[in-house]
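Please open the structure in your viewer and keep the selection tool at hand.

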Amino acid sequence: PPPDLFTECVRERRNRLQSSLSRSVDRCLPAMDQESSSRNGVDMETAPHKDEGEKKEGLIEKVKDFIHDIGEKIEECFSFGKPTADITGFHLPSINLERADVLVTVLVSNPNPIPIPLVDINYLIESNGRKLVSGTIPDAGTIQAHGSETIKVPATLIFNDIRETYDDIKPGHVLPYRVKIDLIADVPVLGRLTLPLEKEGEIPVPYKPDVDLDKIEFEHLSLEETSATLHMKIENKNHFDLGINTLEYAFSLADVPVSNANLSKSATIEKCGQGMLELPISFRPKDFGSAIWDIIRGKGAGYSMSGKLEVDTPFGPMHLPFSKEGGTTRLKKKRQEGDDDSEDDQD
């Protein structure tokens, strides 16, 4: 039965019990008085009626108070209510190009005087009515009497499986989601109850950035050691902004490793936009052998670059790898103030 109906039934039975006990006491007291008087040799007709009446009324009131207290304790112990629950969070502890780990937090409150076990937790994450992932967590724990517990519901989205199932879901998109959770609790007297919960939001399907080397600038070229700057162009193909914090990269020029570094960089690349990063490097041109002359003459040289970006997004931090193979670039002298821009246009 519904909790309010059950509570009303308990209250009604308590009142009936109190009335029944009171009537029993009223019936028993005259007999008790008669038996007590007989043992004491007192004539009921000649005994002081006033004192006996006061004693009788006092005893009756004490018994009725006792019965009332018992009734309240019965109602307190056996009045059961429906637990309440609410989804308090939808988190992405880890997300990369392959998968997203999801953690849904649910706050469950138990208003009853005894612990309540959670039998099962059924969950479903869908987008536009299409299932992304679902599952069941058996024996999900116990909610203590008159207490609250935060229940954690973990799930994992495998992006490759999702893209193979729904070909219109592309990397870089942001999907609307709806998470549905059914908490199944075993409540004494009320039986098994299902608490349905829902929450909506957005979840990304990340796409790795496109990285290209725009140019390499140097101030003074020396065969022993040359300092230069890599101008790296990054294209954000995601439908959300990327806030770059750290760049880890390895750069090779003409098949010669030039730089391997982990730099702290701060830059924001807007969704579906482009940005430029300047990376300082130093190298020994004589390590390139005869290839350095082709580079100096402006014939260009092949390069490769790989690494990863640590970025902040509206959905939490991400680690996005990048790579570029088979690119061609040239060394350019850094333009000084007053130099004609047409020199760059001719390169």
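A residue counts as buried when its relative accessible area is under 20%, and as exposed when that area is over 50%, with partly exposed in between. This model is predicted.

**The whole chain.** Of its 347 residues, 36% are buried. The accessible surface comes to about 19900 Å², and carbon and sulfur atoms account for 47% of that.

**Lys 215 and Glu 217.** Select these two residues next. Their side chains meet in a salt bridge, at 3.3 Å from N to O. Is Lys 215 buried or exposed? With 15% relative accessibility, Lys 215 counts as buried. Glu 217, at 11%, is likewise counted as buried.

**Glu 126 and Lys 180.** The structure holds 9 salt bridges. Another to display joins the side chains of Glu 126 and Lys 180 (3.6 Å, N to O). Glu 126 belongs to strand E3 (residues 116-127) and Lys 180 to strand E6 (residues 174-187), so this pair ties together parts that are 54 residues apart in sequence. Glu 126 is buried at 9% relative accessibility, whereas Lys 180 is partly exposed at 29%.

**Arg 130 and its partners.** Select Arg 130, Asp 168 and Tyr 166. Arg 130 forms a salt bridge with Asp 168, and the closest N and O atoms are 3.0 Å apart. Asp 168 lies in the loop between helix H3 (159-165) and E6, while Arg 130 is in strand E4 (residues 130-143), so the pair ties together parts that are 38 residues apart in sequence. Arg 130 also lies over the face of Tyr 166, at 4.7 Å from the ring centre.

**The aromatic pairs.** The whole structure contains 4 aromatic pairs. In one of them, the ring centres of Phe 251 and Tyr 303 are 6.1 Å apart and the planes stand at 40 degrees, so the pair is tilted. Phe 251 is in strand E10 (residues 242-253) and Tyr 303 in strand E13 (residues 301-313). Both are buried, Phe 251 with a relative accessible area of 0% and Tyr 303 with 4%. Then select Phe 283 and Phe 288, whose ring centres are 5.7 Å apart with planes at 90 degrees, so this pair is edge-to-face.

**A patch on the surface.** Finally, select Leu 221, Leu 223, Trp 293 and Ile 296, which form a nonpolar surface patch with about 360 Å² of accessible area together. Trp 293 is found in helix H4 (residues 291-296) and is partly exposed, at 43%.

How values were computed. Residues are numbered from 1 along each chain as its sequence is written. This is a predicted model: local features need pLDDT of at least 70, side-chain atom pairs count only at pLDDT 80 or more; totals for chains, interfaces and linings use all residues. Side-chain values use heavy atoms; hydrogens and water are left out. Patches are made of residues with over 30% relative accessible area and no salt bridge: like charges are joined within 9 Å, nonpolar side chains (Val, Leu, Ile, Met, Phe, Trp, Tyr) within 5 Å. Accessible areas come from the Shrake-Rupley method with a 1.4 Å probe; for residues, only the protein chains shown count as cover. A salt bridge is a side-chain nitrogen of Lys or Arg within 4 Å of a carboxyl oxygen of Asp or Glu. Helices (H or I, at least four residues) and strands (E, at least two) are DSSP runs, numbered from the N terminus. Buried means under 20% relative accessible area, exposed over 50%, partly exposed in between (1.4 Å probe, protein chains only). Rings of Phe, Tyr and Trp (its six-membered ring) pair if their centres lie within 6.5 Å; planes under 30 degrees apart count as stacked, over 60 as edge-to-face and the rest as tilted. A charge sits over a ring if NZ of Lys or CZ of Arg is within 6 Å of the ring centre and within 35 degrees of the ring normal.
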